[in-house]
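Work through the exercises below with the sequence and the model open. Try each task before you read its solution.

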Amino acid sequence: MAACRWPITTVVMNLLLAGLAGWYSVEGLRINTSTTDMISPEAPFRRDAEAYRRAFPFADDQIVVVVDSPSSDQSDAAATRLAELMREHPESLADVEVPSADPYFRRYGLLFLDPLILQDLATRLAGAQAALGTLNEAPNLHGLASMFGLVLEHAGEDAPATLSDLLGRLADATDSVASGRPEPVSWTGLVKLNDDERFGDRRFVTAQAVLADTAFGRGRPAVDAVRRAIDALKGEPEGSGVDARMTGAIVLRQTELDTVADTAGIATILSFILVTAVLTVGMRSWRMIAAMMITLMIGLTLSAGLAAAVVGRLNLISVTCAVIFFGLGDDFGSHLGLRYQEERRRGHPPPAAVLEAARSVGGPLSLSTLCAIIGFLSFVPTEYMGLAEFGVISALGMVVALFISLTLLPALFILMPPGPGVVRVEREDRAYATWMTRHNSALLGVTAFTALASLAALPLVRLDVNPLNLQDRRTEAVRTYRELAEVPRTSPYSVNILQSDLASAQAMADQLRDNEQVSGARTFASFIPKEQDAKLPIIADMALLLGPSLSAPAEVAALSPADRAEAVATLRNDLTRFAQGDTGNPEARAAAQRFAEALERVSSGGEEGLTELDRALTGGIPPLLGRLREGLDVERPVTAQDVPDSIRRRWIAPDGQARVEALPTHDISDSRDMARFANAVLAVAPHATGAPVTVTQAGRIVLRAFAEATALTLVLMALVLLAVQRSLSGMVLILVPLVIAALWTMAVAGLLDIPFNFANVIVLPLLFALGVSSSIHMVARGQELERSGTHGTNYGIELLVTSTPLAVLVSTLTTSTAFATLAISSHRGLSSMGMLLAIAILFTIISALLVLPSLMIGWHRWVHRHTPAADPTSPTRR
């Protein structure tokens, strides 16, 4: 072998290639965690999504900031200020908007109210005309005291319930100031001036991310810019008591990328350490382990370079390729190294032992590599590009692993010859071999029973295709996204339909509203008020009655500390007199008493407390009065031409295509609910798009790809094994244990309620691709013994005292250990992948060391029993 003849040259050439590959992988490899991009762009739903993206490009790369505070007025102010801070980062954020603060809604908000609600508002404001006038002249504690002096004086037993509500809310706000945690009163919320109660005290700020031109973290600058803006807001008065959280496609992808990258790095290091530990126990030769680790590191670098050159990117699945390479690369080295030690114990010098070991395991290793490549590439013909890319990268890794195991590793054995290892205790080996030989029939019976039981458990296996369920639920982006999904109006799981024009869009919306799975459907027409003929006269009457009271006053001078103290004292006296009197209803008197007591506690806190009280109780009055002035200044019907471009461009494309948005009736985060909603919309609009459609259609492709890839893997492996083995029995002996291990794995997944998803769906194809190696080595060693003339009861014992079972145990343990490191990930997709892969490989150990030897021993006995006169060395007896 050339590598053994020129070991130094072999090592140097591998190091040079590794250096080149490492440089290229750093420059050319990027990560994309989008589950949608893992499906072929030629899939119909991907084409529909791309058509929608071209019409409305704002749909991609959006960041949504959710702003919550104790009052709607404070949320309005905080959202507006946050938008200003975000606009200071134009290099990372574009089109920053506060939808609720659009001047269009401030001006025409009253027209969006139901006529009955608008009439009720008009009646209430008419009764409060004098109070509004007082507050308009002095929107501060002085005006508030004057207003209540007027209101409480004329409050009788039939005082409206709104008085009790107002007194109660003002008492709550005063209590919050007294406790040091001010919660301002929302005056617009009290008056219910528009339809904002559907969002309560929550507001939204949206922005388009300007993606960075980098291989990793393209959304990082935008996410960091929003984070800096939020931090700056919390340091200002508008941010006191405000909770601002971000989510959206870009934030979710960046969060997932960070989680996956951290996991991949930690898992790679941990798998390297654990693989080394297992090899140490199994081989007990530091030189051999050092040679294998050097080989693995160089092989990993070569694989990364090939991945960058051929595929160019890593996805949610292929990012685990480093862990998988460690799990597989040591497999080859284990078989070569343990066979080398076996040959050394037989007395061969290191060069001869290396050559004999390479000759003995080279064939099975090559066959194992071919079968593994078949398993890895089985997804290439499917539409599941994510697994196809993973398969290509892993297949290249298998080629690299085989190449360096038969070149670099032997060269290292020559340069630093390992010893023969610790001589094993023959009696212990014989005990295991004898026990297996005696109980193989019982083991086969147990295997058959558990296989049948596993078939019964298969209905428990389920598929979860919601990509959000793969992410760490503790992250801010995921928690916020899930919270929005709980309310239909804010659900990110809406479905969008492109129509040729607005009329077609409106007809589609009308059709969708009749669907029991749809809570509502919106188009551009939804932003033009309805029933304006009935509403405009009501607004005109309100403007005529309230206009004089709401005329813009001259600038009001700020109150001095003495003025505030005087106003609070007057207000407290009026409240106490009312609470202790016999006018007004009991609820209003109780609220007044509570308000007065709270005012007394604040007054004892000095000037600072009174200043904060003024801000908390009256800070929302100017916004209320301003909204009223704007809302009453409407004299004609609103038309489509009045709708601003900031809204129009989100519903009407430049080419005239119109968008329809359908909303679910409830939280559809569960894949089954999501599928029902998506199917209901698709039945009406076959080209609909959006998260529910994407997830549902992608799930079907994944399920179909899974079935196709598994079937293709089995068929091609069977054909290859049959062609190489030239023995039907050999092919069956290799594949049957794998099928049983697959049944066990699926049954455990069902019983432990570990659903298959976009990431861990690779488990079964990988089980066949990885597990076949152990079966091939065991069957090949058994056939070698048959050719040497071993037969009868000695066959099982001689098979199980060779180095092959130990090599199978060590290699599969290291593989299982490497995969198990993924289970530590906070990314649920990678975590479930690690758990199921570790379980699957553990079952391949049981299959390879218990089930397969039992089958081989049983088959060997049956052949000898029925063909006693046959030549023991005949290949037909394999």
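Contact here means heavy atoms within 4.5 Å. The model is predicted: local features need pLDDT of at least 70, side-chain atom pairs count only at pLDDT 80 or more, and totals for chains, interfaces and linings use all residues. Residues are numbered from 1 along each chain as its sequence is written, and side-chain values use heavy atoms, with hydrogens and water left out.

**Exercise 1. The core**

Task: find which residues tyrosine 384 is in contact with, leaving aside neighbours within four places in sequence.

Solution.
- Start with burial, meaning under 20% relative accessible area; exposed is over 50%, and partly exposed is in between (1.4 Å probe, protein chains only).
- A nonpolar core is a set of buried Ala, Val, Leu, Ile, Met, Phe, Trp, Tyr and Cys residues joined through side-chain atoms within 4.5 Å.
- The largest such core has 249 residues, and Val65, Phe148 and Tyr384 have the most contacts inside it.
- Helix α34 (residues 828-866) gives this core its largest share, 14 residues.
- Now list the partners of tyrosine 384: Met38, Ile39, Ile317, Phe379, Ile701, Val702, Ala705, Phe758 and Val761.

**Exercise 2. A kinked helix**

Task: locate the kink in α31 and state how many of its residues are buried.

Solution.
- Helices are DSSP runs of H or I with at least four residues, strands are E runs of at least two, and both are numbered from the N terminus.
- Helix α31 covers residues 763-787, 25 residues in total.
- The kink is about 30 degrees and centres on glycine 771. The bend at a residue is the angle between axes fitted to the seven residues ending there and the seven starting there.
- Of the 25 residues in α31, 23 are buried.

**Exercise 3. Salt bridges**

Task: explain why the pair of aspartate 633 and arginine 107 ties together parts apart in sequence.

Solution.
- Apply the rule: a side-chain nitrogen of Lys or Arg within 4 Å of a carboxyl oxygen of Asp or Glu. The count is 39 salt bridges.
- Aspartate 633 and arginine 107 qualify at 3.7 Å, N to O.
- Aspartate 633 sits in the loop between α26 (621-632) and α27 (645-648), and arginine 107 in helix α5 (residues 103-108), so the pair joins parts 526 residues apart in sequence.
- Check accessibility: aspartate 633 is partly exposed at 41%, and arginine 107 is partly exposed at 32%.

Task: is arginine 245 buried or exposed?

Solution.
- Arginine 245 bridges glutamate 483 at 2.9 Å, N to O.
- Its relative accessible area is 8%, so arginine 245 is buried.
- Glutamate 483, at 27%, is partly exposed.

Methods. Expected span 1.5 Å × (residues − 1).
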